[in-house]
Every structure is written in structure tokens, then in C-alpha cells.
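Please work through the following exercises with the sequence and the model at hand, and try each task before reading its solution.

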Amino acid sequence: MQPLTNRSQAVNRAPLTWWERIYLPAIIGGLSITLKHFFRKKPTINYPEKTRPFSPVFRGLHILNRDEQGRENCTACGLCAVACPAEAITMEAAERLPGEEHLYREEKYAARYEINMLRCIFCGLCEEACPKDAIYLSETFAPSDYQRKQFIYSKNDLLIPHPEKEPEAYKKALGNRAGKNEVK
Amino acid sequence: MFLSIDLIYILEKLILIVIIVSISMVVAMYTTLAERKVAAFIQDRRGPNRAGPFGLLQPLADGLKLFFKEEIIPMFSNKFLFVLGPGLAMLTALMTSAVIPWGSKLELFGREISLQIADINIGILYVFGVVSLGVYGIIVGSWSSNNKYSLMGGLRAASQIISYELALGISLIALLMVTGTLSLKEMVLQQQEGYWNIVYQPLGFFLFLVCTFAECNRTPFDLPEAENELIGGYHTEYSSMKLGFYLFAEYINMFISSAVMATLFFGGYDIPFLDESTLPVNVAGVLGIVALFLKIAFFLFLFIWVRWTIPRFRYDQLMGLGWKVLLPLALLNMFLTGAAILFFDK
């Protein structure tokens, strides 16, 4: 048969020479190799203390956005749920009542908004579909859990912190995604 | 008639025993950490670094874990021997530390305290007697487990230690011909005045080193426990702290063997290129202890370094090496040493 690569070599079956049979040169060679590795820089990243730098297009956990006054952007139009190829998003719409203007930006809002993180494939199509800049994918990933039902993230888990009440947490959650797909 | 017994002398020795035994334990504990760290570094990993700074509390965590594990004694085992095994291994591992001179002497409370528990004139023979008893811990444990893999491990341990003790003993005889004494203290004093014994006995030291690896059941001679052929060998059936005792005894053996090698061939507590008699007694004593422990640390590192470099021997290769290579070399070394002593009339 024709060799597939040019790397094949005939096995050397010559008996060991005296120098090879005393093993010591080979052992010392091996020890020097392991010693070199001993002093080599370790590629491990100490995970909880240090994290890898994320790519700017990394798609992690979803965040439901608010505007500068802390009103929810989402109008429960359902475009994200339609766009979702994994059918992970469920929502229920409700009408804004008088006196709730400081909570919701428009007349309609999502009373219930759930994403099943076990179904989600983090494709980011919901983010692309959203006309209101209400949902985007952050730089964190879904933490592990003991129960499946814990992976159905409700609105409480997804909403970004209030920008006026908790400005620091808001900034942290926003990360460097701030205004990435701002409606112009 | 009164027997005048110096009570303070007994107290002093008792304190010394407690200190040395606890130091052996602590060093063995941290050798397990060093083993994991060095293994990790050699394999480009970081090793345990979660328990305490740099993982310094890891040995404590490991020990606690072993204590809390369920303890299983197999139904068809001989219970008395099964419990005796690890105890025996631990006892013999700790007993050897009695004759090693850990330092010259200290002057405390107006008394001169020798840093050696017992300066007996047959010191090195005592070490060998106890070390060869050490294999009983393994054999008793493996036999009483009533498990074929354990028994295989025990058999291997027995035949391996017998084979290598021969070469070990003969390489030592050549050293004894040079020093003319069996007392470890005197050997150190000789090396303090003259040169270290490694200068006279390079081949003897090398044979001694290889045989020590075999005696401690360390890779490449770890056939008694060969985890991938014998499922753990002699300690297959052991769990909880009884297993811990076996593993721990191995590290104590390594520590004591390193101390013996440093004492026999590398001047013990002697500091090279320094005349200790010019220093105050206590300073010289403390520096001597530090020097000895640095030498021991080097040998412990060597043990670990070799373990993570060299694969295990096949059993016939092990026997071939022991009987066909090391034993003739040891005999040759003894012959050459004798001839040199005759020729130079030393």
C-alpha cells in the first residue's frame, strides 16, 4: 500500500548497544526533560480569581435591559421567541396601568419572561431580533446547579440592576456592552 | 545498692524522641504535598493551591478526609493481622530515626544535649534490621486481606526487598571498610574532618541509591502497589486511615532513607567548607541541623523527580537488574575498595 503521509518510518529492531543497555544516559536525559518542564511557565489560568479575556462577540447569559431611568425596555412583542431556534423563550404580555410609567417604557410589557437555559444554544438571534434593545447576551455563562428547574431563568434572574438605585451593579452588569445595539 | 539513674537524662531523651517523631510525621506530611506539587509542575500544571496559601494546608485536608472515610474490613480477612499490618508498617518506619545523628549537640540549661536519640555502636546494622522488618507490614497486611491482588503485591514486595537488600548490604560493606566503624555518629565525625564518603565510594553510593529506591517501593520499583496491574497491590482492601498509614509509612521511609544517605555519604550535619569548631556550640548545632535537612530535602526531591520521570519496570526486568547487575557491581565495588585499601595501606 502507498503510504498516506511521508512521516512513516521503518521500526528499528536492532539490538540495543552497550551504551543503550546501561539505561543511565536515557534516564539522565529523561530527568533533564522533566526538570525543564518543572521550571516552565504554567499555562493554567487560576479560574475564579482570574478569567480569560472574552472575545468582544462572546455570547453568554442573557440580560433584560432597562433604559437610563430604570424602565424596562421589553414590550413583549415576541420577536425574540419567534427568532429563537431552540424555542427556549416564553413570555406573557400585559398592559401597562396608569401609574406604572416609571416601571415600563411603553404601554405593553412582559409580565412573565422565561428563558430555559438548558434549551438555549446561545446563538444570539434573540438579540438580533429585538427592536427595542431589550435583550442582549452578556459576558458571563450560566452557572451550574443541582436541579433542572433552576435553569429556567425568570425575569428576576434576567433583569439588569436598576441604574439609579444600584448604579454600580448596573455598570458591572452592562460591562463593555453598553449601547452596543442602541436604537439610533 | 542504688542504681543511680539520671532522671533528667531520661526526660531529655523522651523529649528528643517526641520531637524527632513529630518532625518525621510533619516532614512526611509535607512530602505528600511536595509530591503532588512537583508532579504537577513536571506535568505543566499548578498542583493543589486551594487549601491555604500555596496549598499549604492540603496535607491536613487529606489527612482529615482519610479519617472521615468509611472503614471497611473484609469479611473473610484475618482481622487481627489486618489491623496489625499498617501499624507494623508505621512502627518500623518511625523506629529507624533513633540512631540518626540529627545534629552535633546543643547547650541548653547548662546541659550538653546530643541530638541523637541513641548513639549505639552498631547504628547502621540497627537501621538495616528495622528496614528489613518494614516489609512485614506489607506482607502481613497483604496476606490477611485475603485478596489475590493483595497477595501478589505482598509476594512482589517480599521478593523485591530480599533481592535488593543484598546489593544494598554489600555496597554498604565497601563503605564500612573505608570508615571502619558502624556508628553513624563516628562516620559523621570522620567526614567532618576528612572528605565526604561520596569521594571514596561513588559507585557504592550509586548502588545504595538505586537499592534505596527499591526498598522504599518507589517508582521505578513500585511493583508491590502497581496500581494499573494489581489494583493497588498490597493495600487494595484497605480504606480510611489504615490506607493512610501505609501511604504515610512510605513517605516516612523516604525521609529516613534520605537522612541515612545524607549521613552515610554526604557528611550528615557537616557544613561543607566550614570549620564548625570555630562557631559557638549552639550556632554550630542549629546550622548543622539546617544543613542536614537541606541534604534530606534534596534527596526527597530526587525521589519525587525520578518517580515522575521513569516508568515502572517489568517484574522480570526488576529481578534481572537486582541479581544480574546490581549484585555483581556491588561485589566488584567491594573488591576494588578492598584492593585499594590494601594498596594504599589506608
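**Exercise 1.** Determine how many disulfides the structure holds over all chains, and explain the result for Cys84(A) from the distance to its closest cysteine sulfur.

*Solution.* In this predicted model, a search over all chains finds zero disulfides. A disulfide requires two cysteine sulfur atoms within 2.5 Å. For Cys84(A), the closest cysteine sulfur belongs to Cys123(A) and lies 6.1 Å away, which is too far for a bond. Starting from Cys123(A) leads back to Cys84(A) as the closest partner, again at 6.1 Å.

**Exercise 2.** Identify the residues that form the nonpolar patch on the surface, and state which elements give two or more residues to it.

*Solution.* The patch consists of Trp18(A), Trp19(A), Ile22(A), Leu24(A), Ile28(A) and Phe206(B), which together have about 630 Å² of accessible area. Two or more residues come from helix 1 (18–21) and from helix 2 (24–38) of chain A. Leu24(A) lies in helix 2 of chain A and is partly exposed, with a relative accessible area of 32%.

**Exercise 3.** Find the residues that touch the most other members of the largest nonpolar core, and list contacts of Phe221(B).

*Solution.* The largest core has 85 residues, of which Ile124(B), Phe208(B), Phe221(B) and Leu264(B) touch the most other members. Helix 10 (residues 240–265) of chain B gives the most to this core, namely 15 residues. Beyond neighbours within four places in sequence, Phe221(B) is in contact with residues including Tyr164(B), Val210(B), Phe313(B) and Leu318(B). A second, separate core of 22 residues includes Cys80(A), Tyr113(A), Ala134(A) and Tyr153(A).

Notes
Residues are numbered from 1 along each chain as its sequence is written. Chains are lettered from A and ligands numbered from 1 in the order in which they are written. This is a predicted model: local features need pLDDT of at least 70, side-chain atom pairs count only at pLDDT 80 or more; totals for chains, interfaces and linings use all residues. Side-chain values use heavy atoms; hydrogens and water are left out. Patches are made of residues with over 30% relative accessible area and no salt bridge: like charges are joined within 9 Å, nonpolar side chains (Val, Leu, Ile, Met, Phe, Trp, Tyr) within 5 Å. Accessible areas come from the Shrake-Rupley method with a 1.4 Å probe; for residues, only the protein chains shown count as cover. A salt bridge is a side-chain nitrogen of Lys or Arg within 4 Å of a carboxyl oxygen of Asp or Glu. Helices (H or I, at least four residues) and strands (E, at least two) are DSSP runs, numbered from the N terminus. Buried means under 20% relative accessible area, exposed over 50%, partly exposed in between (1.4 Å probe, protein chains only). A nonpolar core is a set of buried Ala, Val, Leu, Ile, Met, Phe, Trp, Tyr and Cys residues joined through side-chain atoms within 4.5 Å. Contact means heavy atoms within 4.5 Å.
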